[in-house]
Amino acid sequence: MLALKNWDINLRWSEKKTLLSFLLLYSFLTLLILVFVAFLYYGLQRDLMLQSKREALSNLTNEQIAKLKNLHINFAKEQIYPRDDRFNSAIYDSSFKEIFSTLNSKNVNLYEDIYLKEGKIYFIKELESYYLGARYIAIEVNEPPFWSKKVYEELGLYGAILFLILTFIGYFLLNIILQPMKNAIALLDRFIKDTTHELNTPINAILSNIEMIELDALDENLARKIKRINIGAKTISHLYEDLTYLILSHSALSFDEDVELKPLIEERIEYFSLIVESKKITLSAELHKAIFLHIDRKKMTKLFDNILSNAIKYNKINGSIHIVLQEGCLEISDSGKGIEEEKIAHMFERYTRFDKTVGGFGIGLNIVAFIAKEYHLLITIHSKINEGTKVTISW
Amino acid sequence: MVKQLFVLFLLTGVLSAQTIYEKNCLPCHKGMAVKIDKFFYRYLLKYSSEQEVKKAMIAYLQNPNVKDTILVDGLINRFGVKKKTTLTPQELQEAIDSYWQEYNVFDKLK
């Protein structure tokens, strides 16, 4: 199954849920069919076994009836019920009242002809002359040894073969169901790949040219415009990096090293300073020194960038961002619009965007989730509508 | 005189202690070639359950006829069909109950 090869990457939570529901339903129906077929097969084998015993049991019953006849004639002298080592027996009158019984079971179904119950075969016959008032006679014998074991072995074998066939059918059904979903995902991925490829050259050209401009030499109005272009270009650059990471980097090898987080965070704050400034956001940071994390530097940068960029993007004008780095955790709190609690669990799904008033593809937190999963980092999000969001990365 | 009265009183007491079955059925059957228990087992052979046996006996005793008899043809030809019972339905029921109690096989089989 092509889609399952990249299950984590290609399928979203809701799609996984749909697939899981389908699999559960399919498994349940398969099991139901198998149980039904097994039930029929067992019944058939049981009936065949009972039919093979019928003649012998009928002969035993006739022997017992002959003994009952003798007892009936001599009842004044003899009252001992005839017993036989080969079987147990019981007699009943026409109102189904038990006259005498040597059976193990007290509940005998006199409406049946022959049946199997708890390892015993019961054979019922109606007498032509009611000796001792007996209209019905029941004979009880043990079922043939290993009979049920043999049937269960056959059931196991045929059940496994049938299950394999049904699983094979299920595989094809699942492929048919997944096809439209796979097509849609492939289309989106292809679009992002093509877009990313086309973005590379112009972004680099814009950013390198802006860096070459001497802002001090320009008048204030022009310098402000250049700054805006710089912010815009950096935003596109960030998006470009996310897309590149999504398509290529996360599957590439990591170059893990002991990264000191304070200088890395300071560098990234500096990188985002223009955007922060443009939204008049107050950014404060309490960064402890000498806190190291064994991680790929580029991936840590990506993780931090995505969380900080969200804190900026979904913040209000004149808002605030507070970053705390201490042993074991990194916290980024903002005074943004916040998010409903029930949506938090779905924030890390790819292409999920709850606020469409700002740009983006909904891939930033998906990348964060991938990196966190790779390095066993725990990400917790606390959010209150109109108050803000606090993201904590713990290790 | 006193002694005669005492014997009569004792005899009356003994007779009244007898069941309807003992007073009205046994005396006639005692002298018959076919004993009374044989009739019971023939009924049992044909009617099986207590309810069916009693129902058939009562019906026959209230209206004896060749068609409903359980006796074989030879005995019927020799002894004929018995006379209709003089017992009331309640007395007859009581007599049949005693008869069933005396000969049923339920608690006798070992």
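**Reading surfaces, cysteines and a helix**

Biologist: What makes Ile165(A) partly exposed?

Modeller: This is a predicted model, and in it Ile165(A) has a relative accessible area of 45%. Buried would need under 20% and exposed over 50%, so Ile165(A) falls in between and is called partly exposed.

Biologist: Where is Ile165(A), and which patch does it belong to?

Modeller: Ile165(A) sits in helix 4 of chain A, which runs over residues 147–212. Together with Leu157(A), Tyr158(A), Ile161(A), Ile169(A), Leu173(A) and Ile176(A), it forms a nonpolar surface patch with about 670 Å² of accessible area.

Biologist: Why is Cys329(A) called buried?

Modeller: The cut-off is under 20%; Cys329(A) has 11% relative accessibility, so it counts as buried.

Biologist: How do you know that Cys25(B) is in no disulfide?

Modeller: A disulfide needs two cysteine sulfur atoms within 2.5 Å. The nearest cysteine sulfur to Cys25(B) is that of Cys28(B), 8.1 Å away. Over all chains, the count of disulfides is 0.

Biologist: How do you know that the length of helix 7 of chain B agrees with what it should span?

Modeller: Helix 7 of chain B has 15 residues (89–103), so at 1.5 Å a residue it should span 21 Å. Its end C-alpha atoms are 21 Å apart, which agrees.

Biologist: Which residues of helix 7 of chain B are buried, and what puts them on the same side?

Modeller: The buried ones are Leu92(B), Ala95(B), Ile96(B), Tyr99(B), Trp100(B) and Tyr103(B).

Technical notes. Residues are numbered from 1 along each chain as its sequence is written. Chains are lettered from A and ligands numbered from 1 in the order in which they are written. This is a predicted model: local features need pLDDT of at least 70, side-chain atom pairs count only at pLDDT 80 or more; totals for chains, interfaces and linings use all residues. Side-chain values use heavy atoms; hydrogens and water are left out. Patches are made of residues with over 30% relative accessible area and no salt bridge: like charges are joined within 9 Å, nonpolar side chains (Val, Leu, Ile, Met, Phe, Trp, Tyr) within 5 Å. Accessible areas come from the Shrake-Rupley method with a 1.4 Å probe; for residues, only the protein chains shown count as cover. A salt bridge is a side-chain nitrogen of Lys or Arg within 4 Å of a carboxyl oxygen of Asp or Glu. Helices (H or I, at least four residues) and strands (E, at least two) are DSSP runs, numbered from the N terminus. Buried means under 20% relative accessible area, exposed over 50%, partly exposed in between (1.4 Å probe, protein chains only). The expected span of a helix is 1.5 Å times one less than its number of residues.
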